[in-house]
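Please look over the structure below before reading on. The paragraphs after it go through its parts one at a time.

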Amino acid sequence: MRPTDFAPLWPGSNGAPLPCTLQHAFRSRGSGGRAAADPGGPSPAGALTTPSAGEAPPSPAPAIPPTEDPMLNSALDRLSVITQVDTGPPTAMKLDALWLRLRQEAREAYAHAPMLAPLFVDSIINQPSLEAAAFHRIAARLKNDVVGLGIIIDAFNRAVADCPQISEDLRTDLSAVVDRDPACERFIEPFLYFKGFHAIQTHRLAHWLWHHDERDFSLYLQSRSSDVFQTDIHPAARFGRGVFLDHATGLVVGETAVVEDDVCLLQNVTLGGTGKESGDRHPKIRKGVLIGAGAKILGNIEVGAGARVAAGSVVLRPVGPGETVAGVPAKVVNRAPNVPVEEQILNDLLYDSFVYTI
Ligand SMILES: CC(C)(COP(=O)(O)OP(=O)(O)OC[C@H]1O[C@@H](n2cnc3c(N)ncnc32)[C@H](O)[C@@H]1OP(=O)(O)O)[C@@H](O)C(=O)NCCC(=O)NCCS
């Protein structure tokens, strides 16, 4: 169980709780409840430079020393944020706490693994914002001799300028990984290394391009993401926020699929058509669903909110909310206790009538 009690980095700014998915981003991890800020952020003198071979790495950023007084510590944290982020509305300042956390993690990682300095410096420490850093990192993985880094970053910038939701989704996707992956302790891990996180951000760009008359660029990104991240997601497929693609290898998502908020898809999942339908022919995965490794969901069927699909299953029928299905073809093996009885009966009736009429 992960802790759920944490102090917001910006307490008292307007008193309103953050949305659940954003709260995860501000949760303090293993540091006695103090949020990590970045008092040693970039100086006016400029950015850090990558040390040459054999050169000692910089020492970790000087931290404001903690005191015995929790109120004062909280104030010191806020002061750190104020000195780093002095423009924009309170909400923007709250969101940037995630960026400050990431920068702090990059500095710590740099101190521990100086041989990876270019990764930490170029991808995070020298970047002006979380968005710029993410777009740089993902573009660095996607670029090749045909389409270079600058073109991909420019496309990301155009997309986020037109659709700020892409930036919010970036943050909630990042938080979702840290929140749900038991193997992940730091934001820097998905940010720099996890191809599932990079693949979903690439898809969000491809989706925007698809709807802005840039079909070829969007299909190019689908193809390139398939080469680099081993995910094949049609640009038209619709994804909610807080989506976690765990491992991601072999994920295939068809054109008319819908994946709602807070869904986890493991490796080798297929959200595909049956090959017998045209038009709207792919699955609709509702909020909070978990789809285990290797599961195939075929056809325009709904997997209800909070349902779970066991690893290796082949799902050919709708799955009710809160149900767990397993096997080939998948059958219900469990139900969440909080699904209303009437809804369960209705699901059984629908399922039975479907079975007996074919
Ligand atoms: C389905 C799952 C979520 C477990 O759900 P659960 O409600 O706790 O289910 P249980 O473990 O109680 O099992 C219920 C029944 O389903 C069966 N079952 C569970 N997973 C199954 C699977 N993948 N395939 C076939 N049957 C399965 C169990 O054997 C059990 O059958 P029984 O009642 O005849 O003994 C889990 O098994 C699963 O598949 N998770 C996906 C994890 C994954 O993909 N991991 C990859 C990490 S890299």
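**A walk through the model**

Pro 329 sits in the loop between S14 and S15; helices (H or I, at least four residues) and strands (E, at least two) are DSSP runs, numbered from the N terminus. A cis peptide bond, with omega about -10 degrees, joins Val 328 to Pro 329. This is a predicted model, in which local features need pLDDT of at least 70, side-chain atom pairs count only at pLDDT 80 or more, and totals for chains, interfaces and linings use all residues. Residues are numbered from 1 along each chain as its sequence is written.

Strand S14 (323-326) and strand S15 (331-335) also matter for the ligand: they are the elements that give two or more residues to the shell around it. Among the residues surrounding the ligand are Leu 266, Arg 308, Thr 324, Ala 326, Val 333 and Asn 334; a residue is near a molecule if its C-beta atom, placed from the backbone, lies within 6 Å of it. The shell divides into six nonpolar, five polar and one charged residue. Here Ala, Val, Leu, Ile, Met, Phe, Trp, Tyr, Cys and Pro count as nonpolar, Asp, Glu, Lys and Arg as charged, and the others, Gly among them, as polar.

Backbone angles come next. Most residues other than glycine have a negative phi, and most peptide bonds are trans. Asp 213, not a glycine, has a positive phi of about 60 degrees. Asp 213 is in the loop between helix H9 (195-210) and helix H10 (215-229), and it counts as exposed because it has 8 C-beta neighbours inside 10 Å. A residue is buried with 20 or more other C-beta atoms within 10 Å of its own, exposed with 12 or fewer, and partly exposed in between, the C-beta atoms being placed from the backbone. Asn 268 likewise has a positive phi of about 60 degrees without being a glycine. Its loop runs between strand S6 (264-265) and strand S7 (270-272). With 19 C-beta neighbours inside 10 Å, Asn 268 counts as partly exposed.

How many residues of H9 are buried? The number is 16 of the 16, so H9 is largely enclosed by the rest of the structure. H9 reaches 22 Å from its first C-alpha to its last, close to the 22 Å expected; the expected span is 1.5 Å times one less than the number of residues.

Confidence is given by pLDDT, the predictor's score for each residue, from 0 to 100. The protein chain averages 78, and 68% of the residues score at least 70. Over residues 1-88 the pLDDT is below 50.

Conventions. Contact = placed C-beta atoms within 7 Å.
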